[in-house]
Amino acid sequence: MHHLPAAQPLTPRLPGAPFPITAAAPVFSRRALPACAAALAAWPLLPAAAAMPGIPLAVDAPDGVAPAGFLVSEKYDGVRAVWDGRQLRFRSGLPVPAPKSFLRGLPPVPLDGELWLGRGRFEELSGLVRRLDPSDADWQGLRYMVFDMPWAEGGFAARQALLQALLQRHGNPQLAAVQQASLPDRAALLRRLDEVVQGGGEGLVLRSVDAPYAGGRSAAMLKLKPLQDAEAVVLAHVPGHGRLAGRLGALQVRNDSGQVFHIGTGFSDAQRAAPPAPGSRITYAYRGLTESGLPRFASYLRERPVGL
């Protein structure tokens, strides 16, 4: 473990590293944990507007995916948050306005995970974590579900062993290591998917046991859900007709592949009366792709709050 002087210039250690770090950045190991607090005391604080170059992101699991070589966990419908040892940040890089009492309960080592209230409570969670005047009482039911340790040595499986040891020692009930399982075959994978979905969960995440912590989307992290999902930017509102006259008929959107299409289902009456504004980002569900590569049966899921 290195003691880092704050005056050193900041440069990324790895492509996709989630925070600017020094060339002598620490690589955490089991034997190094007791020294983490001393090293991070000299860690340079990032400005509030600093953006993260990248964090690991999942891609859709291919048809027929098998769990060999992966650890499998539930896909939580939470808000991604990365802790660098002193600052908690959203996926966008903006600071999370968490109560000081919550931040004091986190260990002085980098963590990556999801802020989570429970299955089916994303909208409530989204409003809670964006409040600029957070209260201890509001955050008492929230948990930080941690699934990785940035800058820890070894592949994902090795980092999991380190993470489990750290959080068992830390003893904070609001801080939990996401349970990872090694499944024997595809049949067991599909049974686990059914269990999670029947219980109100979103699906599963498969992470390659040997994968380093690296930013961006890759086949080292797969998401497996009954429905696929993706994000798009709202371009325009298409007026409704008939019973939808005077309200939203569909959203014209552009996805991250540059494809422009309409989404006309999945909206409540309230959402049709006050739809997401042009320029906002939304999440939509779909069932595979058409021959022309467009999402099949695209349906609105939710608006992605600004800054998350």
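The legends below describe an overall view and several close-up views of one predicted protein model.

In this predicted model, local features need pLDDT of at least 70 and side-chain atom pairs count only at pLDDT 80 or more, whereas totals for chains, interfaces and linings use all residues. Residues are numbered from 1 along each chain as its sequence is written, and side-chain values use heavy atoms, with hydrogens and water left out.

**Figure 1. Overall view of the protein, with seven helices and 14 strands.** Helices (H or I, at least four residues) and strands (E, at least two) are DSSP runs, numbered from the N terminus. Of the 308 residues, 49% count as buried, where buried means under 20% relative accessible area, exposed means over 50%, and partly exposed lies in between (1.4 Å probe, protein chains only). The accessible surface comes to about 14600 Å², and 55% of that area belongs to carbon and sulfur atoms; these areas come from the Shrake-Rupley method with a 1.4 Å probe, and for residues only the protein chains shown count as cover. Among contacts (heavy atoms within 4.5 Å) between residues at least 6 apart in sequence, 70% join residues at least 24 apart.

**Figure 2. The open sheet with strand order β12-β11-β10-β13-β14.** The five strands of this sheet pair in the antiparallel sense, and two strands are said to pair if DSSP finds at least two bridges between them. Strands β12 (260-263) and β14 (299-304) are the edge strands, each pairing on one side only, and the twist averages 45° from one strand to the next; for such angles, axes are lines fitted to C-alpha atoms, for helices over the stretch in contact, and angles run from 0 to 180 degrees between N-to-C directions. Strand β13 (residues 281-286) is joined to β14 by five bridges, and Arg281 stands opposite Arg304 of β14. Phe297 lies in the loop between β13 and β14 and counts as exposed because its relative accessibility is 62%. Although Phe297 is not a glycine, its phi is positive, at about 55°. Most residues other than glycine have a negative phi.

Figure 3. Glu231 counts as buried because its relative accessibility is 15%. Its side chain makes a polar contact of 3.0 Å with the side chain of Arg281, and the side chain of Glu231 makes another with the side chain of Arg304, at 3.2 Å. A polar contact is a pair of N or O atoms within 3.5 Å; within protein, one must be able to donate a hydrogen and the other to accept it, and residues adjacent in sequence count only if both atoms are side-chain atoms. Not counting residues up to four places away in sequence, the residues that Glu231 touches include Arg91, Asn255, Asp256 and Tyr284.

**Figure 4. The open sheet with strand order β1-β9-β8-β2 and mixed pairing.** Strands β1 (56-60) and β2 (70-75) stand at the edges with a single partner strand each, so one side of each is left without a neighbour in the sheet. The twist averages 40° from one strand to the next. Four bridges pair β1 with strand β9 (residues 216-224) in the parallel sense, and Leu222 of β9 is the bridge partner of Val59. Helix α6 (residues 186-198) packs on the sheet and touches β2, β8 (203-208) and β9, its direction making about 135° with that of β8.

Figure 5. Glu74 counts as buried because its relative accessibility is 10%. The side chains of Glu74 and Arg119 make a polar contact of 2.9 Å. Beyond residues up to four places away in sequence, Glu74 also touches Val196, Gly201, Gly203, Leu204 and Val205.

**Figure 6. The largest nonpolar core, with 30 residues.** Such a core is a set of buried Ala, Val, Leu, Ile, Met, Phe, Trp, Tyr and Cys residues joined through side-chain atoms within 4.5 Å. Phe102, Leu111, Leu115, Val129, Trp139, Leu142 and Tyr144 touch the most other members, and the elements that each supply at least two residues include β5 (111-116), α3 (122-129) and α5 (156-170). Val129, in helix α3, is buried, with a relative accessible area of 0%. Leaving aside neighbours within four places in sequence, Val129 is in contact with residues including Val79, Phe90, Leu115, Trp139 and Leu308. The C-alpha atoms of Val129 and Ala98, 31 residues apart along the chain, are separated by 7.0 Å.
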